Amino acid sequence: MTMRRAIGLMSGTSLDGIDVALIESDGESVRVLRKGNDEVAALGPTGYREYAQAERALLSRALRDAEAVAARTDRPGCLPEAEAFLTDAHAEAVEAFLSDNTLTPADIAVIGFHGQTVLHRPREKLTVQIGDGGALARRLGIPVVADLRAEDVARGGQGAPLVPVFHRALAQAAGYAGPLAVLNIGGVANVTLIDSKGDLLAFDTGPGNAPINDWMKEREGVAYDAGGARAAGGQIDEALVAWLLRHPYFERTPPKSLDRHWFSHKLAGHLSTADGAATLTAFAARAIRKSLDHVSSGEQPMRWIVAGGGTRNLTLMAMLGDLLGDRLVNADTLGWSADYLEAQAFAYLALRSLEGLPITYPSTTGVSAPAPGGVLHHP
């Protein structure tokens with residue numbers, strides 16, 4: 001198969017903005033530039049469009065209104081307005097990215113468009129990502145693959161996480177032998193475990209940034225705990241963390257996935273701002289550590305590569321360092337991209353979708369058999 005350029009777009013549950021990334025791949029291997037025997041340079045250029053405060057507020061309302069959704073096509077409340085905005089914002093992000101990198105639509109084979117998850121209930125075979133893939137393709141003049149989770153959920157899978165197959169391709173390109181863990185800390189945290197044979201096990205470990213962000217918005221009117229500074233000045237409510245970790249989710253055999261709202265920041269409502277931030281941060285870190293309960297002793301990861309917005313929370317990273325030791329590595333230090341790994345993954349998944357290759361597996365989402373995914377929209 002031929003190496004082609006693809007753009008991936010990601011708007012995560014943290015509601016901070018749109019990540020844009022370009023990669024070259026044939027849907028199986030990934031083209032990388034080596035910086036050394038054990039490092040990989042950036043796969044391609046990246047870009048970012050931050051959401052303004054009013055735009056975040058619209059998406060937050062969409063999350064609340066989506067609780068009334070009973071079918072994937074339902075758009076109650078402000079969801080039509082949010083979907084139109086989201087589609088336009090993604091188009092603007094791609095247009096700016098192409099201009100900044102002296103690229104034309106003809107240079108890009110496909111765009112992987114994740115959209116914005118507003119509802120995720122895989123047990124009800126229901127997952128909803130708003131964003132109009134057809135409208136995006138027509139505006140940009142580039143084929144778009146959207147609805148990447150829907151097929152997996154329809155086949156009985158969790159619909160998440162979707163990125164493990166990309167994590168494996170990236171690890172293979174870097175020459176890393178397992179066992180290896182690739183951890184992404186977004187609104188929800190998820191891990192890909194790659195064993196010594198290259199087999200995958202993936203699941204959501206528990207909450208990531210979302211409860212911390214919601215806590216800071218409610219208490220101080222800011223989008224997140226910058227650098228983990230608030231958490232650093234607080235005391236952890238150990239009894240509350242221990243109680244939260246007894247939730248049945250953590251004992252459930254993976255693969256498994258979470259909705260953003262499963263663990264609310266209001267669980268810490270009786271605490272001070274600093275103590276609540278510290279407690280919610282510790283909960284996220286210890287849930288990640290607890291994920292190792294599902295790994296056999298002979299396949300414990302030798303290295304944890306961490307990506308996602310959570311890498312900027314220095315308190316969270318310090319807590320993880322205490323729990324995981326020197327096995328913990330920020331993706332940026334390897335030449336990977338802590339901020340854009342998911343956007344890169346959706347570019348890769350779009351190319352796999354074009355080739356009819358599976359994007360999810362029984363060991364990553366619980367789907368009954370390896371499954372393709374994505375809906376192709378032509379300009």
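1. A quick convention before anything else: contact here means heavy atoms within 4.5 Å. With that in hand, Glu83 touches Arg75, Ile130, Gly131 and Asp132, leaving aside residues up to four places away in sequence. Bear in mind throughout that this is a predicted model.

2. Staying with Glu83: this residue sits in helix H2, which covers residues 79-100. Is Glu83 buried or exposed? Its relative accessibility is 16%, and the cut-off for buried is under 20%, so Glu83 counts as buried. The C-alpha atoms of Glu83 and Gln129 are 9.1 Å apart, although 46 residues separate the two along the chain.

3. Now the sheet. It is an open one, built from six strands in the order S5-S2-S1-S6-S9-S15, with mixed pairing. Strand S5 (46-50) and strand S15 (375-377) are the edges, each pairing on one side only. On average, and ignoring direction, neighbouring strands are turned by 20° against each other.

4. Gly8, for instance, has Ala21 in S2 as its bridge partner. Helix H11 packs on this sheet and touches S1, S2, strand S6 (110-113), strand S9 (144-146) and S15. The direction of H11 makes about 125° with that of S1.

5. Then there is the helix pair H5 and H11. Their axes lie 9 Å apart and the packing angle is about 100°, which means H5 is roughly perpendicular to H11. On the H5 side the contact uses Val165, Phe166, His167, Ala169 and Leu170; on the H11 side, Leu341, Gln344, Ala345, Tyr348, Leu349 and Arg352. By type, the residues of this contact are eight nonpolar, two polar and one charged.

6. On to the nonpolar cores. The largest has 43 residues, and the members touching the most others are Phe166, Tyr176 and Trp336. At least two residues each come from strand S1 (4-10), strand S2 (17-25), helix H5 (164-174), strand S10 (180-185), strand S13 (304-307) and helix H11 (341-354). Which element gives the most to this core? That would be H11, with nine residues.

7. As background, nonpolar side chains tend to be buried together in soluble globular proteins.

Notes:
Residues are numbered from 1 along each chain as its sequence is written. This is a predicted model: local features need pLDDT of at least 70, side-chain atom pairs count only at pLDDT 80 or more; totals for chains, interfaces and linings use all residues. Side-chain values use heavy atoms; hydrogens and water are left out. A nonpolar core is a set of buried Ala, Val, Leu, Ile, Met, Phe, Trp, Tyr and Cys residues joined through side-chain atoms within 4.5 Å. Buried means under 20% relative accessible area, exposed over 50%, partly exposed in between (1.4 Å probe, protein chains only). Helices (H or I, at least four residues) and strands (E, at least two) are DSSP runs, numbered from the N terminus. Axes are lines fitted to C-alpha atoms, for helices over the stretch in contact, and angles run from 0 to 180 degrees between N-to-C directions. Angles under 35 degrees count as roughly parallel, over 145 as roughly antiparallel, 65 to 115 as roughly perpendicular and the rest as oblique. Ala, Val, Leu, Ile, Met, Phe, Trp, Tyr, Cys and Pro count as nonpolar, Asp, Glu, Lys and Arg as charged, and the others, Gly among them, as polar. Two strands pair if DSSP finds at least two bridges between them.
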